[in-house]
Amino acid sequence: MYEQQRDGETANLYYQLGLNAATRTRNKAGKASALLCLGDLYRLRSKYPEAEQALTDAHKLYSCVGGDWGAAAALGRLGLIYYSLSKYGEAEKMFTEANEINSRIGDDIGVAHSIEGLGDVYLARSKHREAEKAFTEAHEIYSRIGHDMGVANTLISLGRLYGQQSSFFNAEHVLMEARSIQSHIGDDNGTALTVYGLGDIYRAQSKHHEAEKAFTEAHEIFSRIGNNLGVANALTGLGQIYHSQARSQAAEKASYKIYCAVGSDTANRNEFQAAEKAFNDAYKIYSAIGVHNGTGNVFRCLGMVYSHLGRYDEAEVSFHKALAAYELVDGANSRAQTLLALGGLMYDLQRYREAEEAVTEALAIIISLRDERGQVGPLLILWRIFAFQSRHNDQMNALMQLEALLSRHGEDRLRAETLINLGQVHITLRLYQEAEEYCLLAQAICLSLQMTHQEANALLGLGASYLGQDRYGEGEECFARAGVIFAIFGDEEGEAKASDGSMFAMAWSRARSVIQGERSQI
C-alpha cells in the first residue's frame, strides 16, 4: 500500500524494521522478502545501486531457501534496473532466467512480466518484430487473468513500438486506452509514463503545443511521486520541444527573409535558452542516479542546440561527451545517431574528411542493427559530402544505395528527389542515356504523386540529358515546361535555370541547322 501511494519514507521505515527483525531472528525467508520490497522501493525512486544490492541479496536468500517465486521476482526486478541503465545484455539475461522459473512454477503474472521485459529489451535494440510478439503475448496473458495494470503497461510498450514505426494513429490509440485503464485503477506512475509516451508521439509529429503540455504533465506527476528517472526523461522531452520550436521559428522567419542569423531574435533565443536549461537540469538528475544513456541523450541534444546557436566548439565537445557516455552502456543506436549529428556538424564546418569518417561509422552501426530505414540519413549526408568534393563515382554509389532502399520501403517522394540527383550525377559523367532513364522515372513518380514543383526539377534533368544526346528539340520542350511550372511557384532560381537551358538548346539547334545547311551546299 505504501509503495502504491509513493510514501517512500514510511515504506522504507517499515521495510527496514522488517529486515532488522528477520535478521535478528535468522528468518531467511522473511529477510529475503524485506530485501525484495526494499529493492523495489529503491528502484522506483531511481536509487539503482542500492536497489541492485538489495535485490541481488534477496535472490541469493530465496535461492537458498527454495523460494522460486521470490527468486524469479528478484531477477525480474534486476532486469528492470539493468534495462533502465541501458545494460540490455544483463537485462535480457535476468528476464530470461525469471521467465524460466515462472514458467516452471506456473506463475502467469510472472511469465507476463518477464516476457514484457524481454519485449522492452528487443524494442531498445530495434528488434521490432520480436518486441511486438513479446508485448502481444504479455498483453494476452494479462487480459486473460484480469491484470489491469499489466494490460495498461503492455499498451504503453506497444505505443512506443508503433511510435518508432511512425504509426502514430495506432500509437496514440493504444496510449489513450492505457490512460483510461490507469485512471480507473489509480496508477500514477503508469499515467505519467503514458502521458510521456503521448508527448513523444506528438513531438514526432511536430505537434509542439500538445507535446509540451504532455511532457509538463508527466514532469509534474513524476516529481510528485519521486520517480527521478521519469523527471529527467520529461525534462529531456521538454528540452527537445523548446529546441524544435526555436528551429521552426527560425525556419519560418528565414522563409520570409526576416530572420538573418540563429539567435538574433529575442523570442527565438529564449526558446534555445529554455531548451539548454531543461537539458542541463536533466543531466544533473541522470548523473546523480547513474543513467549513462540519459546523460548521453542530453549531451547529444545539447550538441544540436549549440550547433543551431553557432557555438560549434561546444557542440563538438557535447557530441564527443555523448559518445563517451554511450560507450558505458548498450547504446549502439544512440551512438549511431550521435555520430550522424557530429558528421552533420563537420559537414557544415567543411571538415569533410571528419564528416565522412563519422557518418561512415554511423552507417556501419545501423547496418549491423539491420535497420534499413535508418540507413537513409547517413546515405543522404554521404552523398552531399561526396558532391562537395566532386567525387562523382562515390556520389553515384551512395545515391544508388539510397534509391534501392527507398524503392523497397515505398518512400516515393524522397525516391523521386534521389532519382533526379542520380540523373544530375550521370549528366556530369556524360552518361546521358542513363540520366534520361532516371529523370523519366522521377517524372513519372512526381506525376503520380502530384509533386508538380519537383516535376519541374525532373524536367530540367531530362532536358539536359536530351541536350547531351543532341536531341535539342526535346530538350527545349522540357526546359519550356519546367519554366512554366517554376513561374507558377514563384521559383525565380528554377525559372532562370529553365530559361538558360532553353536558350542553350535553341542556340545549339540553330548551330546544327547552319552546319547541316553548309554541308548540303558542298
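Predicted model: local features only at pLDDT ≥ 70, side-chain atom pairs only at ≥ 80, totals over all residues.
Reader: What makes the crossing of H15 and H16 left-handed?

Author: H15 passes H16 in a left-handed crossing. Residues are numbered from 1 along each chain as its sequence is written, and side-chain values use heavy atoms, with hydrogens and water left out.

Reader: Why are H15 and H16 called roughly antiparallel?

Author: Look at the angle. The axes of H15 (residues 312–326) and H16 (residues 332–348) cross at roughly 160° and come within 9 Å. Angles over 145 degrees count as roughly antiparallel, under 35 as roughly parallel, 65 to 115 as roughly perpendicular and the rest as oblique. H15 and H16 are therefore roughly antiparallel.

Reader: Which residues of H15 and H16 meet?

Author: Among them are Tyr312, Phe319 and Tyr326 in H15, and Arg335, Leu342 and Met346 in H16. Meeting here is contact (heavy atoms within 4.5 Å). By class, the contact of H15 with H16 has 11 nonpolar, 3 polar and 2 charged residues.

Reader: How do you know how H9 runs relative to H10?

Author: The angle decides again. H9 (residues 168–185) and H10 (residues 188–204) have axes that cross at roughly 160° and come within 9 Å. That makes H9 roughly antiparallel to H10. H9 passes H10 in a left-handed crossing. Phe168, Leu175 and Gln182 are among the H9 residues that meet H10, whose partners include Gly190, Val195 and Tyr202. The residues of this contact of H9 with H10 divide into 10 nonpolar, 5 polar and 2 charged.

Reader: Is Ala112 buried or exposed, and how do you know?

Author: Ala112 has 0% relative accessibility, so it counts as buried. Buried means under 20% relative accessible area, exposed over 50% and partly exposed in between, with a 1.4 Å probe and protein chains only. Ala112 is found in helix H6 (residues 108–124). Leaving aside neighbours within four places in sequence, Ala112 is in contact with Ala138, Ile141 and Tyr142. Ala112 and Glu137 are 25 residues apart in sequence, yet 7.6 Å apart in space, C-alpha to C-alpha.

Reader: Is His208 buried or exposed?

Author: His208 has a relative accessible area of 15%, so it is buried. His208 lies in helix H11 (residues 208–225). Not counting residues up to four places away in sequence, His208 touches Ile241, Ser244, Gln245 and Ser248.

Reader: What makes a group of residues a nonpolar core?

Author: A core is a set of buried Ala, Val, Leu, Ile, Met, Phe, Trp, Tyr and Cys residues joined through side-chain atoms within 4.5 Å. The largest nonpolar core has 134 residues, and Leu36, Tyr48, Phe222, Phe279, Tyr286, Val291 and Ile385 touch the most other members. Helix H12 (residues 228–255) gives the most to this core, with 9 residues. A second, separate core of 15 residues includes Ala456, Leu459, Leu467 and Ala498.

Reader: How many helices and strands does the protein have, and how much of it is buried?

Author: The protein has 24 helices and 0 strands. Buried residues make up 47% of the 522 residues.

Conventions. Axes fitted to C-alpha atoms, helices over the stretch in contact; angles between N-to-C directions. Helix = DSSP H or I, 4+ residues; strand = E, 2+ residues; numbered from the N terminus. Left-handed = near helix turned anticlockwise from the far one by under 90°. Nonpolar A, V, L, I, M, F, W, Y, C, P; charged D, E, K, R; others polar.
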